[in-house]
Every structure is written in structure tokens, then in C-alpha cells.
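Let's explore this structure together through a few questions. Have a look at the sequence and the model, and then try each one before reading on.

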Amino acid sequence: MLSLRKTVLVFHVATSVGLIGAVSSFLLLAVVGLFDSPTVYGAADVIARLAIVPLAIASLAIGLVQALVSPWGIFRHYWVIVKLVTTAIVLGVLLLQLPGISTLTEIPSTDMDLAAKVALGQSLVLHSVGGLAFLLLCLVLSVFKPKGLTPYGWRKGKRAP
């Protein structure tokens, strides 16, 4: 039977990898919207609201649970803290970008200044590239688990037998 720690790890990996895939899909649609057809912003909006937001929330929540049930802990290692903070930043920026995504889908092309529409589209590309870079950083940290204990981790390590 699978242990709780391994079960939580499976869910964390699944949501995190799904999040990377969803952000990659969003980035592709944002780029296509800039150069080819702005009608793809509707699909990007659906991906953002129905895939990226739930996966980011799940990844963050399950990551917290994973840290609690694993020997890594939440505050013992710098890489765990960086992963949690980075995922929270990605989620926060995405939530701030949702109104802009909706604006591109709801306003007809004739009602919005072309320069404003291009600027908003470029913002979506820029933010999704940044989000993807942050998520890939989390992936690298998960695989390599760099050394470096926090002061709390050092104190906990000294008390352990």
C-alpha cells in the first residue's frame, strides 16, 4: 500500500507538471494571438480560468501538504521555501492578469485601440514566459534539491538524534 507521503508526492508532481503544460499552452495561444488570430484569446481565457488557476492552487496546496508530511519540511531548506514562494507569485500574477485576458476576449476589435490591444497581448506573452520560467525553476529545484539549510533547519538538525 502506498504511504501518505508517496501518494501526496504523486498528486504534487501531477499538478505541477500539468501546470507547466497549461502555462505552455497559454503561451502558445498568446503568441498566436499577437501574430495571427486574436480570436484565440478566448481559448487562452478558458485555459487560464479552468486549467491554470485550479492547477496552481492545487500545486501550492499539495506542495504545502507534501512539505508537512516529508522529511524536507517547510522551513528547513531554502529550496522548499523558494518553490513555495515562486508558485505563490505565479498564482498571484495570474490572478492579476485575468481581467486583461477577459478584456481581450470580450471587446470587439473595433472597440479597442489597436495599440492598446497589442500592448495587452504582449503583456500576456511576457507574463506567461515569466511564469513558465519560474515554474521551470521549481522543477529544477525539485530534481536537484540544492544543499542549504535555513537557520531553523540547522537548529532542527542539531536536535535530531
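Q: In which helix is the place of Thr105?
A: This is a predicted model, in which local features need pLDDT of at least 70 and side-chain atom pairs count only at pLDDT 80 or more, while totals for chains, interfaces and linings use all residues. Residues are numbered from 1 along each chain as its sequence is written, and side-chain values use heavy atoms, leaving out hydrogens and water. Helices here are DSSP runs of H or I with at least four residues, and strands are runs of E with at least two, numbered from the N terminus. Thr105 has its place in helix H3.

Q: Is Thr105 buried, partly exposed or exposed?
A: Buried means under 20% relative accessible area, exposed means over 50%, and partly exposed is in between (1.4 Å probe, protein chains only). Thr105 has a relative accessible area of 31%, so this residue is partly exposed.

Q: Which residues does Thr105 touch, not counting those up to four places away in sequence?
A: A contact means heavy atoms within 4.5 Å. Tyr41 is 64 residues away from Thr105 along the chain, yet their C-alpha atoms are separated by 5.7 Å. The residues that Thr105 touches are Tyr41, Gly42 and Asp45.

Q: How are H3 and H4 oriented to each other, roughly parallel or roughly antiparallel?
A: Axes are lines fitted to C-alpha atoms, for helices over the stretch in contact, and angles run from 0 to 180 degrees between N-to-C directions. Angles under 35 degrees count as roughly parallel, over 145 as roughly antiparallel, 65 to 115 as roughly perpendicular and the rest as oblique. H3 and H4 pack at about 160°, with axes 10 Å apart. These two helices are therefore roughly antiparallel.

Q: At roughly what angle do the axes of H2 and H3 cross?
A: H2 and H3 are roughly antiparallel to each other. Their axes come within 10 Å, and the crossing angle is roughly 160°.

Q: Is His12 buried or exposed?
A: His12 sits in helix H1, which covers residues 4–35. Among the buried residues of H1 are His12, Thr15 and Leu19, and what covers the buried residues of this helix includes H2, H3 and H4. With a relative accessible area of 11%, His12 is buried.

Q: Which residue has its backbone nitrogen 3.4 Å from a polar atom of the side chain of His12?
A: Leaving aside neighbours within four places in sequence, His12 is in contact with Ser59, Ile62, Gly63 and Lys83. The His12 side chain reaches the backbone oxygen of Ser59 at 3.4 Å. The backbone nitrogen in question belongs to Gly63.

Q: How many helices are there in the protein?
A: From the N terminus on, the elements run α-α-α-α-α. The protein has 0 strands, and the number of helices is 5.

Methods: Polar contact = N/O pair within 3.5 Å; in protein donor to acceptor, adjacent residues only side chain to side chain.
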